[in-house]
Amino acid sequence: MTLSPDAALGAAAAPRDRAPIFSFRDVSVRFGATPILDKIGFGVAPEEFVCLVGPSGCGKTTLLRVAAGLIRPQAGEAIFDGRAVERPTPELAIVFQDYSRALLPWRTVAGNVELALEARGAPRAGRAAEVERLLGIIGLSAHAAKFPLQLSGGMQQRVQIARALAQRPRLMLMDEPFGSLDAMTRQSLQDEIARLCKAERQTVVFVTHDLEEAIYLGDRVVALRANPGRVVEIIDIALPRPRDQLTTREHPQFLEYRHRLFHHLRDRL
Amino acid sequence: MSKTAWRLASFAFAALLLALWQFLADRGLVSRVFFPAPSRAFDVLGEWFASGEVWGPLAGTVWRTLAGWLAATVLGVVLGAAIASAAVTRDLFEPTVEFLRPMPSSAMIPPAILLLGLTDGMVVAVVVFGSIWPILLGAIHGFRSVEPRLIELSRALCLGRVHRLWRISLPNALPEIFAGMRVSLAIALIITVVAEMLSSRPGLGQMILLAARAFRSAEIFAGVFMLGALGYLGNLLLERVEAHFLRWRPAVGGT
Amino acid sequence: MTARRILLGLAFPVAFLALWEILARAEVLSNDTFSRISIIVPAGVAALLDGTLLARTAETLGSAILGWAIAAAAGIPLGLLLGLVRPFERLLSATVEALRPVPSAALIPIVLLIYGFSLAMSASVAAFACLWPILIVTTSAVRGIEPRLLEVGRALGFGAVRRIWAFALPAALPGIAVGLRVAFGIAIVVTVTVEIAANPRGLGYAMITAQQSLRAEVMYAYLFWIGLVGWVINVAMVRTERRALRWYWAARSAQ
């Protein structure tokens, strides 16, 4: 089921029957005189994996930062747990695209993950075990004592993801996390994040400029256009899980979604 | 030739130069007064260590240098963090820092003598004043240059101000602080020596000045040798400490 | 340089000096040790008018320039050699590493013995202190030269000397210029230090004698003057370096 742009703009509710844990309501952002985002509105249901896709400059990164509480919108608000988001909270975890700059180079992999636990005020005693568990989930146990600059791009991004998970977030915000990686690493991380988030029952808002990645990963895809950023389409992705790099991408429904979104995005370039 | 082979060759070359000096001195081809044979200087060193008379002055020079330099480090880092923290403080203090930087720190010795007399405190105070600048400048620069993404991260993680300073700004500034510390150590040693000369505090500086006044050149060279050794060892130790704290850095293309 | 920044930059020094004056007048700061700004400035002006300030300044600058020039004359060719001929650098490494950490102040007794109280004494110590930064910077500037450039020289059939003069030296010049500027600052600092410690010439000597004869106002006047001279020279050298290099680059691109 898709919503027409007008209906999507008005509705802050998620199209499922569960109440959203997070929503944007008429969010508008300006940098100086330049409008970046215009009346963005949609919701995110619990355990939902929502992908935000759009061309460069459509403000999706800005929108994510509004969600994280790092930027305040000029109009409208982001609503989390029924309250407006005014500042960051540990329950909203953000994963940045430039992983090498978002990790502390002087701390080991374990140390970087532990940073989130320190920030949360988790008691000293349980920290090591928690770090170990998270590194195990993300497949970095063997590299716990290494420093970020000794790791490949894909591994560094996994460290960031592990750190985000260490926050025990209710909502995970990911800003084009695989954009700087090569195709093969990207694909393996896509599968891993999909598996991980379903296993941990994590709610995710995932920003990407890659259409196919959005369809592949998402339960729902929100398409934005640029100048200024606006929601043009929201599509429920009715593809079977778990998804597979080969078969899912050849699924006729996948191709249909791709067609539909492609036109929207191309028109607005 | 391998690296170790070259190392040995360079030591051999230095030894050769030393031997040449010895040769020239023995033959009387250089003035024995000004350039005593190295053997005589080593004899003096031997006497000093045998009689134990060198330990006092050595300890004096070492502790004064260390005390001043460590105090300068702490002060420099704290002030640097404070100055770097806001544009206002930067605009207020950076011009003064820039003005005072080229100032010869030994020029503070006469006022320090006036204020504090010929005491150890005077020496340490001047060492602090002289050696703080490289650390202060390094700290200011290091604290200012934190990766913006990490600032965003600290906001996203809701790290308090103090936590952010301690966990992010300080480790980020460490490389530049260490660079400043290395320069400062060399400066601290020089100022200690000069202050000792002027204040007649028991130390290596005073020892070699007295030796000069008495025309005991072998003693001068023995003392200079010890000071050189101190400088060398201090730098070596600091480099090791730095290498440990900065071991996370990727290896830069070596020579 | 906005007006706000200039005002803020001056705020701290002005406040500091004003506080000094106020506290001195209130006798909170002992006038014997701290004097007063209102007495220090006239003392400085008097020294300027009767010629002593400038005479002392000339002595200090003379020694500094001489020492710096000697260090440059020795350090640049040596640096070129070490930078271009790797085996030499490796051979000399132990010697350089042994001599470099010797605190320049430690040489004061030696040169005192050799030269007595003279221009040569200050200049020698300054030369020693300046030699190392110039040498190291020159070596690394030469090492950083694009290897292709030197290959071109060889391919064109230039002899070694010609290659150095026409290719290596110009390419290393910007780096060498920075080293020379830094070294000059060091020369001034070391010269003043030698004057304070031992040599009865120049600004350092003026300061220490003022302190010893308990004329605090003269001492502080010379202190401020030294700071001013150091700062002015630093700024002048930075500007000159920039302008000289601009001319240099323009001339090269015009070739």
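**Helix pairs and chain contacts**

Analyst: Happy to! Let's begin in chain A, where the axes of helix α5 (residues 124-138) and helix α6 (residues 153-166) come within 10 Å and cross at roughly 130°. Axes are lines fitted to C-alpha atoms, for helices over the stretch in contact, and angles run from 0 to 180 degrees between N-to-C directions. Helices (H or I, at least four residues) and strands (E, at least two) are DSSP runs, numbered from the N terminus. This is a predicted model, in which local features need pLDDT of at least 70 and side-chain atom pairs count only at pLDDT 80 or more, while totals for chains, interfaces and linings use all residues. Residues are numbered from 1 along each chain as its sequence is written, and chains are lettered from A and ligands numbered from 1 in the order in which they are written.

User: How are α5(A) and α6(A) oriented to each other?

Analyst: α5(A) and α6(A) are therefore oblique to each other. Angles under 35 degrees count as roughly parallel, over 145 as roughly antiparallel, 65 to 115 as roughly perpendicular and the rest as oblique.

User: Which residues in α5(A) meet α6(A)?

Analyst: E130(A), L134(A), L135(A) and I138(A) of α5(A) meet R158(A), I161(A), A162(A), L165(A) and A166(A) of α6(A). Being in contact takes C-beta atoms, placed from the backbone, that lie within 7 Å. By class, this contact has 7 nonpolar, no polar and 2 charged residues. Ala, Val, Leu, Ile, Met, Phe, Trp, Tyr, Cys and Pro count as nonpolar, Asp, Glu, Lys and Arg as charged, and the others, Gly among them, as polar.

User: Switching to chain C, at what angle do α8 and α9 pack?

Analyst: Helix α8 (residues 147-155) and helix α9 (residues 160-197) of chain C pack at about 170°, with their axes 10 Å apart. That makes α8(C) roughly antiparallel to α9(C). Among the residues making the contact are L149(C) and R154(C) of α8(C), and F167(C) of α9(C).

User: And between chains, how many residues of B are in contact with C?

Analyst: Chain B has 46 residues in contact with 45 residues of chain C. On the chain B side, α10(B) gives the most, with 8 residues. That side divides into 38 nonpolar, 7 polar and 1 charged.

How values were computed
Two residues are in contact if their C-beta atoms, placed from the backbone, lie within 7 Å.
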